[in-house]
Amino acid sequence: MKVTVVGAGAVGATTADNIARKQIVDEVVLLDIKQGVAEGKAMDLMQTASLEGFDTKIIGSTNDYTKTAKSDVVVITSGLPRKPGMTREELIGINAGIVRDVVTKILTHSPKAILLIVSNPMDTMTYLAYQVAQSMGVNKKRIIGMGGSLDSSRFRYYLSQATGFAQSDIHGQVIGGHGDTTMIPLTRLATVNSIPVSRFLSKDVLDKVAADTMVGGATLTGLLGTSAWYAPGIASCAVVEAIIRDEKKVIPSSVYLNGEYGQKDICLGVPVVIGRNGWEKIVNIRLNQEEQAAFAKSADAVRNMNNVLAT
Ligand code: NAI
């Protein structure tokens with residue numbers, strides 16, 4: 001099995017590192033447009049193999065797509081990250097050009113690949129990838145946007161901080177758009193070992209957990225001066241692993257909706273079953289009125305951004 005990661009920056013290299021260490025594929029190709037960067041990072045990562053004890057081959061490539069040929073999964077992280085004070089949405093112009101070009105080249109060399117879109121603004125970049133893929137005859141189920149995997153892990157972190165319980169005992173999902181104002185942490189459904197978290201936290205504290213989750217990425221950008229990479233890298237790897245191992249895991253991801261959750265012709269975060277064929281089905285959670293309204297509002301915001309693509 002072979003995975004390509006496009007963009008050998010902070011998130012791309014961390015994703016490649018995690019995939020290699022887990023030994024879930026034989027080969028990881030790291031591709032970047034900047035001369036030598038992907039080769040350098042691939043060599044650096046390969047020099048951790050004897051220490052870490054993995055045999056996955058990592059190959060670097062400066063924009064040579066022939067090296068990516070016949071990949072099973074391709075993770076697209078190429079594009080600019082956020083700077084402090086910037087929203088994910090402000091990246092749209094530059095990243096749209098990059099994502100359109102990369103998706104076309106990738107699908108030309110790996111027509112059967114499943115694509116995992118990470119570049120921001122992620123839901124719009126996933127929609128763009130979907131449009132390019134459709135024009136090349138690729139099934140919508142092979143286009144997945146990574147956001148819910150990361151946002152849900154941030155949600156679980158904040159829930160753990162507030163309750164004092166271990167993160168591994170906490171379950172919670174974030175759906176909707178992958179944006180500071182568009183994501184929806186489902187506090188009503190979050191649990192600690194199957195017990196609703198509302199048994200442990202007051203409404204005010206739960207509202208604060210949700211608010212902290214929504215600006216979780218911006219908080220890190222403020223501290224780091226650029227966007228985060230450890231959690232995004234492992235969150236991307238988790239989706240790749242679910243595909244490669246055909247895990248049938250439910251992971252909230254941005255996928256093309258055709259009426260599900262009341263939305264059409266948009267890519268937005270919903271719980272999906274991930275397996276060898278990409279996203280295999282959408283899991284329908286019964287949302288209450290407030291959550292439904294938040295989902296519709298989130299869709300409106302993402303749709304406005306998608307409209308920028310057409311101009
Ligand atoms: P980075 O700047 O460290 O890396 C981006 C890399 O993409 C650079 O090495 C650059 O040379 C490369 N690149 C640019 N144009 C390219 C092209 N046409 N072909 C190949 N490579 C190209 O940025 P970082 O921190 O790795 O973030 C990458 C993207 O992921 C950003 O858009 C960021 O906002 C997004 N992101 C998304 C997350 C999510 O949850 N979906 C989480 C974190 C970041």
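Buried here means under 20% relative accessible area, exposed means over 50%, and partly exposed is whatever falls in between, using a 1.4 Å probe on protein chains only. What you're looking at is a predicted model, where local features need pLDDT of at least 70, side-chain atom pairs count only at pLDDT 80 or more, and totals for chains, interfaces and linings use all residues. Residues are numbered from 1 along each chain as its sequence is written, and side-chain values use heavy atoms, with hydrogens and water left out.

**Confidence**

- The mean pLDDT of the chain (pLDDT being the predictor's confidence in each residue, from 0 to 100) is 96, and 100% of the residues reach 70 or more.
- The scores for the model are ipTM 0.99 and pTM 0.97.

- Helices (H or I, at least four residues) and strands (E, at least two) are DSSP runs, numbered from the N terminus.
- Strand β1 covers residues 2-6, and five of the five are buried, so the strand is largely enclosed by the rest of the structure.
- Lys2, Thr4 and Val6 point one way from β1, Val3 and Val5 point the other way, and all are buried.
- On pairing (two strands pair if DSSP finds at least two bridges between them), β1 goes parallel with strand β2, residues 27-32, over five bridges.
- Within that pair, Val3 sits opposite Val28 of β2.
- To get from β1 to β2 the chain passes through helix α1 (residues 10-22), and this β-α-β crossover is right-handed; that label applies if, with the strands pointing away from the viewer, the path from the first strand over the helix to the second runs clockwise.
- β1 also runs parallel to strand β4 (residues 73-76), joined by four bridges, and Thr4 has Val74 as its bridge partner there.

**Salt bridges**

- The whole structure has 13 salt bridges, each one a side-chain nitrogen of Lys or Arg within 4 Å of a carboxyl oxygen of Asp or Glu.
- Lys105 and Asp101 make one of them, with the closest N and O atoms 3.0 Å apart.
- These two are four residues apart in helix α4 (residues 92-109), so about one helical turn separates them.
- Lys105 is partly exposed at 30% relative accessibility, and Asp101 is partly exposed at 37%.
- Glu241 and Arg245 form another, at 3.0 Å from N to O; Glu241 is buried at 12% relative accessibility, whereas Arg245 is partly exposed at 45%.
- Lys249 and Glu247 bridge at 3.9 Å, N to O, with Lys249 partly exposed at 44% and Glu247 partly exposed at 27%.
- There is a network too: Asp17, Arg21 and Glu52 are joined by salt bridges that share partners.

**Around the ligand**

- The ligand is surrounded by 27 residues, the closest being Val11, Asp32, Leu80, Val118 and Met146; a residue makes this list if one of its heavy atoms lies within 4 Å.
- Polar contacts are pairs of N or O atoms within 3.5 Å; within protein, one must be able to donate a hydrogen and the other to accept it, and residues adjacent in sequence count only if both atoms are side-chain atoms.
- A polar backbone atom of Val118 is 2.9 Å from a ligand nitrogen.
- His178 uses its side chain instead, with an N or O atom 3.1 Å from an oxygen atom of the ligand.

- For background, most residues other than glycine have a negative phi, and most peptide bonds are trans.
- Asn120 and Pro121 are joined by a cis peptide bond, with omega about -5 degrees, and Pro121 is in the loop between β5 (114-117) and α5 (122-135).
- Ser194 has a positive phi near 75 degrees without being a glycine, and its place is the loop between β10 (191-192) and β11 (195-196).
- Lys248 is not a glycine either, yet its phi is positive at about 60 degrees.
- Lys248 lies in the loop between α9 (230-244) and β12 (249-258) and is partly exposed, at 41% relative accessible area.
- Ile285, in the loop between β14 (278-282) and α10 (289-310), is buried at 17%.
- Ile285 and Val270 are 15 residues apart in sequence, and 8.9 Å apart in space from C-alpha to C-alpha.
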